[in-house]
Amino acid sequence: MKKILLASTSTIYGGTYLSYLQEELARFFEGIDKIIFIPYARPSGISHDEYTEIAQKGFSSVGKKIIGLHSFENPEKALREAKAIFTGGGNTFLLVTKLYELNLMNTLREVVENGTPYMGTSAGSNIAGQTMQTTNDMPIIYPPSFKTLGLVPFNLNPHYLDPDPNSKHKGETRETRIKEFHKLNDIPVVGLREGSWICIENNKIILKGNLTARIFLKNQEPKEVTELDF
């Protein structure tokens with residue numbers, strides 16, 4: 001039975017890395033002392049070691065040891081033996097490319113489907129969807145495929161932003177871009193706002209945090225929801 005936590009972001013305004021999720025982390029990873037961290041998204045181009053150190057700081061207060069997947073000679077074996085897995089945010093194109101290059105996408109999908117607890121933030125949440133095509137990231141590298149883990153029956157748009165009626169910016173809104181996606185695709189999209197996260201446990205998909213999510217379906221007007229019905 002799958003156990004998944006998908007957060008829109010790692011850091012909310014005024015907080016530190018994962019500070020707003022501390023209570024949820026303690027609950028979600030209860031009884032687990034070591035977590036394998038996938039650092040391949042490399043926000044701002046930081047190294048895998050630097051990113052692992054940041055993740056460790058976020059988990060220290062809940063007593064968890066973070067081990068970077070890049071430090072293993074056999075990363076596939078490390079994933080199969082992991083007690084839990086966390087994938088951090090950054091660039092989704094880079095993350096997906098690396099997972100395919102190392103032949104880890106199918107392994108990661110398999111272990112999570114078989115019950116290994118999985119947490120993602122931002123790009124790490126993006127890859128839980130059917131495809132990565134609703135990411136906000138720049139295509140800095142060309143992945144072998146846009147297909148991702150397919151752990152949930154929808155795509156995510158983390159960091160979802162509502163249009164600002166007072167803004168003078170005339171570029172596309174997130175809603176516009178998602179509607180463009182739906183001209184060519186029929187996968188549902190969940191716009192996940194900062195400070196929100198999704199938990200999948202006991203075959204239930206639960207929206208958490210204090211905000212609604214915005215749901216986009218092909219040929220339908222988007223709607224605000226407090227509960228996810230997939």
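In the predicted model, the buried residues of helix H2 are His48, Tyr51, Thr52, Ala55, Gln56, Gly58 and Phe59. Viewed down the axis of H2, these buried residues fall within an arc of 160°, and they therefore line one face of the helix. Such an arrangement can be read against the geometry of an α-helix, which has 3.6 residues a turn, so that residues three or four places apart point the same way. The face of H2 turned away from the buried side carries the exposed residues Glu53 and Lys57. The length of the helix was also examined: at 1.5 Å a residue, the 13 residues of H2 should span 18 Å, and this agrees with the separation of 18 Å between its end C-alpha atoms.

The surroundings of the helix are formed in part by a sheet. The buried residues of H2 pack against helix H1 (22–28) and against strands E2, E3, E4 and E5. These strands belong to an open sheet of 7 strands, in which the order is E3-E2-E4-E5-E1-E8-E9 and the pairing is mixed. Strand E3 (65–68) and strand E9 (204–208) stand at the edges, and because each has a single partner strand, one side of each is left without a neighbour in the sheet. From one strand to the next, the twist averages 20°. Helix H2, which comprises residues 48–60, packs on this sheet and touches E2, E3, E4 and strand E5 (118–121), while its direction makes about 165° with that of E3.

Within the sheet, strand E2 (residues 34–38) pairs with strand E4 (residues 85–87) in the parallel sense over 3 bridges, and Phe37 stands opposite Phe86 in E4.

Technical notes. Residues numbered from 1 in each chain as written. Predicted model: local features only at pLDDT ≥ 70, side-chain atom pairs only at ≥ 80, totals over all residues. Heavy atoms only, no water. Pairing = 2+ DSSP bridges. Helix = DSSP H or I, 4+ residues; strand = E, 2+ residues; numbered from the N terminus. Axes fitted to C-alpha atoms, helices over the stretch in contact; angles between N-to-C directions. Contact = heavy atoms within 4.5 Å. Expected span 1.5 Å × (residues − 1). Buried < 20%, exposed > 50% of the residue type's maximum accessible area, 1.4 Å probe, protein only. Arc of directions from axis to C-beta.
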